[in-house]
Amino acid sequence: MRSLIDLIVSPDPAVRDLSIESQVAKLTVTELLEQAQELDRFRRDRDSLYERVRALFFLYAIHRFHLPKLVPEAELGKIAFEGHQHFLQRRFNEAIDVFLSEQKRSGPSWAVSSALAAAYHRLAFQTLADQVRKSVKTVAGNRWMFRTGNPDELPLRLRDELLTKDATFGYPMLRERTSVRMDFSHSAWSDIFFLGMDFPQGARVINASINLAVQGRHQHPEPPLDCCLRVIDRPVLRLVSIDLNVVVEITQLSQVFDFAADYVGLLKAAVIASGLIPAGLEGHQADIASVLRPLVGAGLGLEIVSRVNDIPKGSRLAVSTNLLGGLIALCMRATNQVSALNGSLTEADRRIVAARAILGEWLGGSGGGWQDSGGVWPGIKLIEGSVAADGDPEFGVSRGRLLPQHHVFSSEEVAATTRQRLQDSLVLVHGGMAQNVGPILEMVTEKYLLRSGSEWQARGQAIEILDQIIQHLSTGDIRSIGAATDRNFSGPLQAIIPWCTNAYTERLIARCRETYGKDFWGFWMLGGMAGGGMGFIFNPERKVEARQWLWEVMQTTKREMEHALPFAMDPVVYDFEINDQGTQAQLMPGGSYPVGYYPLLVPGWLRQDIQSLSAETRAELERVGQLCRSSETDLASKLIARILPGKTDDSISRQSLTDLLQINGFDPVAHQQLREDLLAGRLGLAQNLLPSTTAIDDVQEGDVMDCRQPLPDSTVEIGKAAIERGEVAVVTLAAGVGSRWTQGAGVVKALHPFVRMTGRHRSFLDIHLAKSQQTGRLHGCRPVHIVTTGYMTEQPIRAAVERWQQQNGEGGVYVSSGKSVGLRMVPTIRDLRFAWEEMSQQVLDQQQQKVRQSLRSALMNWAQSAGEATDYVDNLPMQCLHPVGHWYEIPNLLRTGLLQELLHAQPRLKHLMLHNVDTLGASVEPGLLGTHIQSGACLSIEVITRRMEDRGGGLARVNGRVRLVEGLAMPNERDEFNLTYYNSMTTWIDIDRLLERFGLSRDSLSDSERVLKAVRQFARRLPTYITLKDVKKRWGNGQEDVFPVCQFEKLWGDMTSLADVSCQYMAVPTLRGQQLKDPAQLDGWLRDGSAAAIEKNCDFVA
Amino acid sequence: MTISKAVITAAGKDQTHLPLQTVVDRTGRARSALELVLEEVVSAGIEDIAIVVAPGEKDRYLAAAGSFKSRLTFFVQNDPQGYGDAILRAQAFVGREMFLHLVGDHLYVSDHTQLSCASQLVAVAQREQCSISAIQPTHESKLRFFGAIGGTPVAHAEKLYEVTAIMEKPTPTQAEQALIVAGQRSGYYLCFFGMHVLTPTILDLLAEAKSAFAANLAGNPAGTLAGKPMSVNLSDSLRKLIQREKYLAFQIQGQRFNIGETYGLLIAQMALALSGPDRDRVLVELVELLARPK
């Protein structure tokens, strides 16, 4: 047996590149634990970043994937509360120590392994982040900024040219125009920092600087990033983002470090990273005038303006990093930190600008790859990792340097005709989707270090494809480039990260192939994930028509899929050209502002008394007057549009919201009562809690029936017979919108085609229906399937179900309508404070945490100014409504008459299997149904062994009585860690017994008045929880803001709190009960065999 | 080769009045700043001193020179073309000898028990027989006032460096990339002290630079010298000197004070006063000032 440490330290690449799977497959539990112990000791005393991080990922993999296969799930273990607290506070080492001692004390278990896996995983990424932060701080040229701790020590001065005032135009203006970068080969994410630092020879990218024009908006491609800097005659730092429509005048130093307080966080990051206001000044209490005085002189200030030329967010062209690069270059030129004031930068200058851009990304709490500031460089270039040498800050720590090497291809290497042909063939688009690629970058790092067979092989293939692309560039063979990028996307990229594609992209590619056949030369993956920025290569002879066609196809495809996938905007098509100059600056007369500056600033000036304006502003106004009087610009009309209000569609939205509320059963009286209760403090997050004197203990032996082992044949037979007789139906809860799944994007989670099974992307609903299909095939009777819906999900789900029934040629699937809806409210400050300050939560990495705190402070201000507990109406009407909790979904079956209809059509129906839409393993399992029938309980609840990620209550003895308790109601967080089982939400319901609890029977279901009264009476017996949910507000070009809003809900699990509802609890395998709440879970879910096991339970018809 | 001549430049714009200001020396006597600079030169055993002044300043300088006036030769920098050009004006005076050069807007206070700053530099230059610039570790926040060097320590010679790079008034960004010298405190760079011993080669290089500057100027009557030096400066020629001959830098035991900076004269005055016999008295006065409410 080879030690896993050999895989880390061996000088032989053949050993070093072995996967952990290949080494641990045949180990026993004891051997695996010994290996883990050795690795843990090893990683604690190594200096090498690679050795520490790879050992950490091995440990993560052991606990996440390998040990659980060897340890019976029934082995009970508990996650120590102290360990969890350390984990939340990012004290990962301490958390690991606590979890390891728990493992030593009570033996290995799924629960403890899940905690160890999470802690090792986070520690690995924390180690990497710390190293990047350290490296970027220690890059020569960056260090001084962290030492400058006092405004008196500020070493920079503005160049004299910028301080020389002109009688007519005032202070001159330095303007920088920068292109964005387009990745040729996608690079298999080899531009993540760690890969470059650990595997410099494999970290290779070709990227081109490009100018862009959005079709229909711009005439010609231009450098899309436009920034300028000038001295102003007021001692403030004025930051202007034209595209985000915001002007911020900073008067206090502390505001510069408050990144999320407004929309100019990127400009602030540039100001700091460029050294204008060095990072070392953070925390210093000073007014900005005293900081600007040495820089520009007494009584003067600085204005920095940025404009992105309508390029939407999520373009995958590294817009924000290049904007940061452009702004930093501008500020560094202005303060003599780089050699040239005008024109291009030297290679040395570009490198320091790139290093500062990485610093800026870190300061702003975001993160890009090392190739991302490629737009600062000219033309097409090969960017490669470089080996760290003696004298580099990385030497002895990592193999490679933080910053890569850039080789700009000459016209001999890539001919001008090739560049032109490329422009004539490639259609660049933004497909409209904007997604968080953060989890993908983490997956890439993890897979690189684990060297899993197929993924490591795929990385090798991606490197080969890059070499082929270089070759094709030199020969000018664009068709082969298209074939190579296409092969790259469908092969290695999806082998490494299956989630980089999606149903939308696949559909577009398929339509391109169908329509253009051989004239479609290939798909071009731009970066991160497909669906936003993408490329399609066509025969140049057909490119013009294909471009128009593709735009239309994207629009229609988006319309078809917008309920299922998170689109942030309508798709757009670009024109582009390669920028052979790189970032360029020019000293210009004052007033040479980017387009859009005056319409943004002038209305504010006009609102002030003319006498209170500075002389310079008055001169600007005169200039604006002259421009308006000339007929060469449309400035006058733009200003009028700004100054004088036009008719807005706000009233239309209001009307539509009112209609929606009425249609969906909104109760205004209850809503008003809720508002009063919230304001009076009778309801709120703190009021969700059970009394603090409540005794919450873990269940005892006999409280739970262990159904993780094979059940007796007799029980299984009872279940089988019931299925065959048509006694069971499935209820899939799909009224909610899955806030965590798309961070409040408001799409229908049930319809999200998130995974490829049997060759096609499948949605949650597809999978549930396919499981029912298989049950039907196996037992000769397909269970009736009911999908419950809400105001937002009903129409799309109805359409999807109709399509499914048409495709399958059979019915038996019913859609249940929602009967009530709530109107979201602006949260109270009290609840925001409770959620953010009283409830424990994961602390983020240092800088991200600062940004989060700044954002939270801004959101508190928003809640205060918008009015606590007022109606949340400042969004699309659908985003202002909320479903009222899944408890209502079964009563809705009664109220809509659907249950009555079913019982009439299928009188043998006796049981319902209710499950959450994201509990993919739930299927009509005969053994479990038999257990439920044998118990005679009204409800049989499935529970699973609690793991680290299963937060939010569980199965407990509450004051001695066994019931489910919600996390929202836990008075003491520590109690939750004492619970062995987590609620999977899957519930077997005896229909007649449930009706009886409601005071109803099969016969009385036809009496709608009685049903309504019964439901209302029952509802009063259950608690109402106040919750905060994230909701996205979209604006501009793909911009998204996330607001926490207040809503209420009643939850199904509280049925178990009622003494007259008989319940039994069944422990089921985790595979069956686990829920997919967050896309970040997907990769582990695929790799641990969960997806494959579920696929086996499905019969997909098409 | 012994060093017997010195050149002081005092013709710079906004600089001409600086050496004429009155300060109290370490013994408590009121004297002109120029007199102190001249005393510094003479302490190094140098008899002949050239001063390069702006037109019309000679008499005022003579008046301020006190007992040293007889040793002075004046050169007037008409049509000023930079710091390097000012030195070049004394070419005839220097001939082909090594010479000490000081800037007129600095005052020097030695930390050495016996030797003045100039004496320390001249002693090393005579031993090494090459151009040597005096240097002082300077905090990065003051880089904008000085030229700075990058270099490597000379083996077995304390505080002596072989110069490999020179930048004029660098930003810390540039200094960190090009001027890191082993053994220096973080955030400190070796900056010029305003005092050099130079070989005649520097005059050749300055003459070349001046010719090139004149040619550029002739080709660009509008005065837009894109990418070219805007004046004849010493740093460019010192950079070329590295290629031509041995060029060292020596860290002086002492301090220099740029009296052209805001509060520069005040700080220089305090340094002088605190280095003399009246130190305690001055300290008491300072403490009393400090104790007063703001």
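In chain B, A6(B) stands opposite L100(B) in strand β6(B). The model is predicted: local features need pLDDT of at least 70, side-chain atom pairs count only at pLDDT 80 or more, and totals for chains, interfaces and linings use all residues. Residues are numbered from 1 along each chain as its sequence is written, while chains are lettered from A and ligands numbered from 1 in the order in which they are written.

Strand β1 (residues 5-9) of chain B is largely enclosed by the rest of the structure, because five of its five residues are buried; a buried residue has 20 or more other C-beta atoms, placed from the backbone, within 10 Å of its own. In a regular strand the side chains alternate between the two faces of the sheet. Here K5(B), V7(B) and T9(B) lie on one side of β1(B), and A6(B) and I8(B) on the other. Strand β1(B) runs parallel to strand β6 (residues 99-103) of chain B, with five bridges between them. Strand β4 (residues 48-53) of chain B also pairs with β1(B) in the parallel sense, over five bridges, and K5(B) stands opposite D48(B) there. Strands pair if DSSP finds at least two bridges between them; strands are DSSP runs (E) of at least two residues, and helices runs (H or I) of at least four.

Two packed helices are described by the angle between their axes and the distance between the axes. The axes are lines fitted to C-alpha atoms over the stretch in contact, and angles run from 0 to 180 degrees between N-to-C directions.

| Helix pair | Axis distance | Crossing angle |
|---|---|---|
| α5(A) (residues 49-70) and α8(A) (residues 110-138) | within 8 Å | roughly 160 degrees |
| α21(A) (residues 503-516) and α22(A) (residues 543-561) | within 10 Å | roughly 140 degrees |

Helices α5(A) and α8(A) are therefore roughly antiparallel, a term for angles over 145 degrees. The residues of their contact divide into 15 nonpolar, five polar and two charged. Among those of α5(A) are L56(A) and F57(A), and among those of α8(A) are Y120(A) and L123(A).

In the other pair, α21(A) meets α22(A) through residues including Y504(A) and L508(A) on the side of α21(A), and W549(A) and V553(A) on that of α22(A).

Between the chains, 15 residues of chain A are in contact with 12 residues of chain B, contact meaning C-beta atoms, placed from the backbone, within 7 Å. Helix α9 (residues 143-147) of chain A gives the most to the side of chain A that touches chain B, with three residues.

Methods: Two residues are in contact if their C-beta atoms, placed from the backbone, lie within 7 Å. Angles under 35 degrees count as roughly parallel, over 145 as roughly antiparallel, 65 to 115 as roughly perpendicular and the rest as oblique. Ala, Val, Leu, Ile, Met, Phe, Trp, Tyr, Cys and Pro count as nonpolar, Asp, Glu, Lys and Arg as charged, and the others, Gly among them, as polar. A residue is buried if 20 or more other C-beta atoms lie within 10 Å of its own, exposed if 12 or fewer, and partly exposed in between; C-beta atoms are placed from the backbone.
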